[in-house]
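Biologist: Please take a close look at a single residue here, then step back to the partner chain. I am new to this structure.

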Amino acid sequence: MRVKRTFFAIVLIAAVAMSVWAADPSAVWSIKEGTNLVKPEVYGNPNAKNTITFWVYRTLGPSSNYPRTAELLTERIESWAKKNPDTKVEVQIEIPQEKTNEYMVKLYEAAKAGRAPSLAHVDSFFLPKFLEKDAGFKQVPQPLDPYLTKAELDNYFDAYRQFATDENGKMIAHFGYTDVRVLWYRKDLMSAPPKTWDEVIAIVKKLQAEKKITEGILTQGGRHENTFFFMLNMFWAAGGELVDAKGNPVFNQGKNREAMLASLRLYKKLVDQGVMPAKVASISGTGDLNAGVKMTMPPFILTGHWIHGSLPQVIGEENFSKYAMAPIPTLEKGQNPVSGAGGWTTVIFEKDPELRAKAFSFLWEVYGDVKGMAAVAVDALPTFKDVSVDWRPTEANPYLYQATKMLNIARLRPAAPVYSDISLAMQVAIGDVILGKKTPEKALDDAWSEVKALGY
Amino acid sequence: MAKRHKSLQEQPLLWIAPLVLLLLAFYLYPMIDVARLSFSNATLLRNPSKYGLMQYTSLFSSSDFGQMIVVTLKYVAGSLFFQVLFGLLIAVLVHEGKKRKVPGAVLTRSVVLSCWIIPAPAIGIIWKIILSEFDYGIANHLIGSFFDQHLAFLSNERLAIFSVIVANIWCGTAFSMLILYSGLQQIPESLYEAAVVDGATEFQKFRYLTLPLLRPFLFTDLSLATIYTFNSFGLIMSLTAGGPGRSTEVLAMSVYRTIFDRMNLGRGAALSMVLLVVNLVIAIVYNKSFFKKTQA
């Protein structure tokens, strides 16, 4: 009898204790002093009841190789964690830059299997694939609209908002930062940047005749997405379109074919006339390009705005100060220049409404607002109009201010799944034209056949 | 008479069963699944909706496929021939040097081996610095100093394949040396002493003693190096990324690009099957020729 009474007493005390515990969440989900809130594998209170999962792109996380980004993001995650002691973020995958493709494929597979994380960083280049209807995704990007005010939605530059909007008009990704493709020119060798490629050729020929330079222009011509993306600027400016409204490839039809051929012919002309060396076909990345620039200090570099971060370290601040950026010249006079833009997005896949709200709170408080954008976009550009007005995340960097002006002519790659296939086929075509292995016509036709053979 | 229960040791099937199950689950099943996908139109985004020979017919009718096979064969044959040749040469030199207590013989072995330790992508970067067509390229700097000329090692399609082969020989030689060096150490010294008594020259000792006795090691070296060379592309990825154009795109790299860049599972699987068949054929040919000669 005594044993029974003792047992009931223990049960009663336990029940009372538990009800008190449950009634005051703050008492339960408080964070012990001194807890490390930003560990590589978990952000926030490690004992929290709610768990949201995250696949983080290392460059955009607290382990970023940009010290400023790492420091600011750590602060922001800590701040979010203190406000949300009942939720922790479990970092399932942290992907290094060179593994982007594998990471994206893994994410597609996870979404198809219904095991996608609550939120993930997604390269904008791959985002359109999540909109493919036949893919049978069990998890798809969740709309951010319910959590954003109209003013916040309107604050995105139109191109970015449209790109991240699905067919139902819902915004499915937060464009965290962006970049633009530009022409860097030697301001010590010319008074104003050229507006057309004929002007570029004339300037280079004159400088070569004066023996001031050897090489006229350097760019990426190897097997790399940028090789095609740089050329795409001229193609777009000439009125070309890669895909139709349904996302089917049309880059070899009608005026699009003419624009693409004109772009390929330009590269052939640049090589044939000694303005661009054929060795650009061996330049696949920014590192190769920077090394090439160091050797000859060419008057023109067709690349992205981002080299302001790495090129000074290679050629020295003094030499780099000779360069300035300008819009990419057009094929013909009277065409409007275009600057191709890219960047990374953050996407929420969480199905559970409560956890989805938590995931959004994390997304917005860490990456979303002005300071979030400033934290991740050290060398990059914002996608918010109000932030871009005077964009100088670091005082010593005037180039970002100039690059931000290019956002007005920025254009994103088409949000069509076929884009990556077009790019891969055209990278080979461009290489073949640069090396004189194929005529522009043959190279384009082969690229077209390759894309069509994939069933588009 | 009561039936005697067999002990566990007398039941080999029971011992082998776990391993067989593991092999079936983790090797055979994925292989069969790849074979199945190769007959489908599956992509990473779309499940198969059609089965047939379309991937193979499209592959074999594509001009790029023929070029890729030629590039792969050049890469493998060029790499293997020189890798084994240099590996053998270094192994013999180090072995002889060690026997004769030549200073630095062991150090030479360690230095050669260090090339093998470096990861393939890093080797690609090292060779990129050596072969770059820009002025910092060491090879072009030397060529320029003597002949006032530059060679397009990485942007000329003929030279690019030569460049990736050289880089692969550089790292693969160490592997061949390691295998063949261990083979040399297995050859009894008494055989060489007997040959000396018979008046054999150094060449005769090498031709009639060393080479025949090294045969199993050469077989192992060739088999492993062939399979490795056929299946690896990390070095090419960092050195030329398959370019210029497609002039250095080997089969294994195409499998990677087709699946991870194009997300085309069906075609990637078909390419994998081609790679598997090529590997199998070569393994069988090696096996037959070596065993035939050994038995003869």
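**One leucine and its surroundings**

Modeller: Leu454(A) is partly exposed, because 19 other C-beta atoms lie within 10 Å of its own. The class follows from the count: 20 or more such atoms within 10 Å make a residue buried, 12 or fewer make it exposed, and partly exposed is in between, with C-beta atoms placed from the backbone. This is a predicted model, in which local features need pLDDT of at least 70, side-chain atom pairs count only at pLDDT 80 or more, and totals for chains, interfaces and linings use all residues. Residues are numbered from 1 along each chain as its sequence is written, while chains are lettered from A and ligands numbered from 1 in the order in which they are written.

Leu454(A) sits in the segment after helix H18 (440-452) of chain A. Helices are DSSP runs of H or I with at least four residues, strands are runs of E with at least two, and both are numbered from the N terminus. Leaving aside residues up to four places away in sequence, Leu454(A) touches Asp421(A) and Asn264(B). A contact means C-beta atoms, placed from the backbone, within 7 Å. Asp421(A) is 33 residues from Leu454(A) along the chain, and their C-alpha atoms are 8.5 Å apart.

Chain B has 12 helices and zero strands. Of its 296 residues, 37% count as buried. Among contacts in chain B with a separation of 6 or more, 67% join residues 24 or more positions apart. Its C-alpha atoms fill a box of roughly 95 × 75 × 30 Å along the principal axes.

Methods:
Contact = placed C-beta atoms within 7 Å.
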